[in-house]
Amino acid sequence: MLHKSSRPGYKRVIKKTALWLIAAEAIGFGVTYAGWYRLNTNRDFRHYVKENYPTILESYYQLGEFLGGDSAIRSLDEQIWVQQRAVGESGTKS
């Protein structure tokens, strides 16, 4: 009599696990890219991140300086934020 051997189920588990890992990695990449894009295009968001998560903004600036070799964004942001702070303080003193 012939015995039917069951197929090993580990191949199916490995395939499903690999698909879940690839999907999770793609979602993680998308979220990270969306955050970087918002930091890169929105000065008000950079100011929010500076106030609440300064290490993230510092990492963003360092990466930009490493890749581009220019610290123009950091200095421009600081100049604008200082001007806004000065205008805000002079407006409240009146």
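Which residues in H3 do Trp36, Leu39 and Asn40 in H1 meet? They meet Ile56, Leu57 and Tyr60. Keep in mind that you're looking at a predicted model.

Let's see how those two helices sit. When two helices pack, we describe them by the angle between their axes and the distance between the axes. Here H1 and H3 (residues 54-68) pack at about 80 degrees, and their axes are 12 Å apart. That makes H1 roughly perpendicular to H3.

Trp36 turns up again on the surface: together with Phe29, Tyr33 and Tyr37, Trp36 forms a nonpolar patch with about 490 Å² of accessible area. Take Tyr33, which lies in H1 (residues 10-41). Tyr33 counts as partly exposed because its relative accessibility is 45%, and the range for that label lies between 20% and 50%.

Now move on to Arg46, which has its place in helix H2 (residues 43-52). Arg46 counts as buried, because its relative accessibility is 5%. Its contacts include Leu39, Asn40, Leu57, Tyr60 and Asp77.

Asp77 forms a salt bridge with Arg46, with the closest N and O atoms 2.7 Å apart. Asp77 is in helix H4 and Arg46 is in helix H2, so the pair ties together parts that are 31 residues apart in sequence. Asp77 also forms a salt bridge with Arg43, this time at 2.8 Å. Asp77 is buried, at a relative accessible area of 0%, while Arg43 is partly exposed at 29%.

Glu78 and Lys50 meet in a salt bridge too, at 3.7 Å from N to O. Glu78 lies in helix H4 and Lys50 in helix H2, so this pair ties together parts 28 residues apart in sequence.

Conventions: Residues numbered from 1 in each chain as written. Predicted model: local features only at pLDDT ≥ 70, side-chain atom pairs only at ≥ 80, totals over all residues. Heavy atoms only, no water. Patch = residues over 30% accessible without salt bridge, like charges linked within 9 Å, V, L, I, M, F, W, Y side chains within 5 Å. Areas by Shrake-Rupley, 256 points an atom, 1.4 Å probe, with all protein chains shown as cover. Salt bridge = Lys/Arg side-chain N within 4 Å of Asp/Glu carboxyl O. Helix = DSSP H or I, 4+ residues; strand = E, 2+ residues; numbered from the N terminus. Buried < 20%, exposed > 50% of the residue type's maximum accessible area, 1.4 Å probe, protein only. Axes fitted to C-alpha atoms, helices over the stretch in contact; angles between N-to-C directions. Parallel < 35°, antiparallel > 145°, perpendicular 65-115°, else oblique. Contact = heavy atoms within 4.5 Å. Lists of a residue's contacts leave out its neighbours within four places in sequence.
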